[in-house]
Structure formats: structure tokens, C-alpha cells
Amino acid sequence: CINFAGIAQSTVHESVKFQSKKLGKEVSYSIYLPDGYATSDRHYPVLYLLHGYTDDETMWIQTGQMQEITDRAIKSDQAVPMIVVMPNAWDTWYINQYDGKAPYEDMFFEELIPYIEKTYRARSNKEFRAIAGLSMGGYGALKVGLTHPEQYGTIASFSGAVDLGKMFQSMGDSLDPKSLAEYQGIFGTEMQLLPEDDILHLTREHARLPKEQQCRFFIIF
């Protein structure tokens, strides 16, 4: 539990765990609760904030200074008081693995979100739920958000791996056997993106939705 005095009495709990039946193991997440959460019965908007490749659920707290930044943004009225959930995704790229061993995306929607909304006073309406991420998490935010636009009002990708197809091509034969096996377990032996995992395809499909079904999304490089 971490507190920063002098700005706001927000609280961050690091590496909280819940049991996932989908993954067959515990999933860790860190969570930011805004000033006033402990003394009110208010329900808050939620931001799901995703980490990058090789990082974990502590990344945004330990190196991203998210608590200080969020406290300042709320205090200056640049942001509304909110809950921020930072789940651990290991190196899954936030998708259902090709080899079937880790259905992370299914876990995210069918277990994590319901658990958060049952455990914390999180608002469940689309317009009060956002998702954002960095690098691998930027890909994950777009993949998860654009696949389920009925779930999110806003999506943001920071330096996200938007064009994985081009990334795979640039890797060529440079991957060591261990890394190659890891990527093939996630994306398939040919490392060919399925349409449902291709951000460029998902973006085009999203543009075809009726305006009232679309969500706002931002891609920042």
C-alpha cells in the first residue's frame, strides 16, 4: 500500500491476486483508488492500464509514477476521480493464445472485469470505462477495445505495436529459438496474424460500425 502525502489521499495496492479458472492460476493486478474512495459510497469510472512487453502489474507504479500523475490530474480538474486497474499479462500480448494454453482475452472479459466490478465500486457503463496501454499494452488496448467496442468509451495506445505483421517481417531470422517458440505459441507457427488480432483490420471494421456503436480511440507514437 503506497501513499503520497501533500497531494491527495489516494491509495495504490500492488500485486493483488485473484484466481482465474480460465488460466488455471492466480492473476496479479495493481489498483489505484482515488482520494475519497474509502469514505464515500460513490461509484467511479475505470481505466484499465496495460503494461508493455517483459513488464508486469507494478510497471506503471514503480517506473511510470502513475499515482503522482493521476493525483495531480484529478486535483487540477484535468481528470475526474477514477479507479485505475493495472493487470499482469506476462508476455501474452493480451490475446487468446494460438496454442490454446492461455486464453488471456477471454479471462479479461469474463473474469477480470466482473471481478473488479464486484470487488470495487466501479461503474460498468461503456462511457465510464476506458482502456490504455504502452507498447505491447498499446497493442492490447487497441486489440481488446476494438474487438469489444460495446465495452469501452475510450481507447488509447502509447507507442503501441500497431502493425505486428510488419514487426514479424522485420524480425526475419533474428529471433533466438526460445523467443521464436514463444511468439509461435502466441500467434501460430507461421506467425501470420489472424484478422481478429490485426489492429489495421480491426480499425477498418470499427469504422464501418454505426456512429453510436463506435468508441473514441487515440494512437500516440
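The largest nonpolar core holds 48 residues, and the ones with the most contacts inside it are Tyr48, Ile83, Trp93, Phe108, Ile131, Tyr152 and Phe187. (A nonpolar core here is a set of buried Ala, Val, Leu, Ile, Met, Phe, Trp, Tyr and Cys residues joined through side-chain atoms within 4.5 Å; buried means under 20% relative accessible area with a 1.4 Å probe, protein chains only.) Two or more residues each come from strands S2 (25-33), S3 and S4 (83-87), and from helices H3 (104-119), H4, H5 (164-171), H6 (177-187) and H7 (199-207). Helices (H or I, at least four residues) and strands (E, at least two) are DSSP runs, numbered from the N terminus. A second, separate core of 15 residues includes Val12, Val84, Ala130 and Ala132.

All of this comes from a predicted model, where local features need pLDDT of at least 70 and side-chain atom pairs count only at pLDDT 80 or more, while totals for chains, interfaces and linings use all residues. Residues are numbered from 1 along each chain as its sequence is written, and side-chain values use heavy atoms, with hydrogens and water left out. Mean pLDDT (the predictor's confidence in each residue, from 0 to 100) is 92, with 96% of residues at 70 or more. Residues 2-7 fall below 50, yet this stretch has 15 contacts beyond near neighbours in sequence; contact means heavy atoms within 4.5 Å.

As for the sheet, 7 strands line up in the order S1-S2-S4-S3-S5-S6-S7, open and with mixed pairing. (Two strands pair if DSSP finds at least two bridges between them.) S1 (11-20) and S7 (216-220) sit at the edges with a single partner strand each, so one side of each has no neighbour in the sheet. The twist averages 20° from one strand to the next.

Now to S5 and S6. S5 (residues 129-134) runs parallel to S6 (residues 154-158) over 5 bridges, with Ala132 partnered by Ala156 and Leu134 by Phe158. Another 5 bridges join S6 to S7, also in parallel, and Ile155 stands opposite Phe217 in S7. Since 4 of the 5 residues of S6 are buried, this strand is largely enclosed by the rest of the structure.

H4 (residues 136-147) lies across S3 (46-50), S5, S6 and S7, at about 150° to S5; axes are lines fitted to C-alpha atoms, for helices over the stretch in contact, and angles run from 0 to 180 degrees between N-to-C directions. S5, H4 and S6 make a right-handed β-α-β unit, meaning that, with the strands pointing away from the viewer, the path from the first strand over the helix to the second runs clockwise.

How values were computed
Buried means under 20% relative accessible area, exposed over 50%, partly exposed in between (1.4 Å probe, protein chains only).
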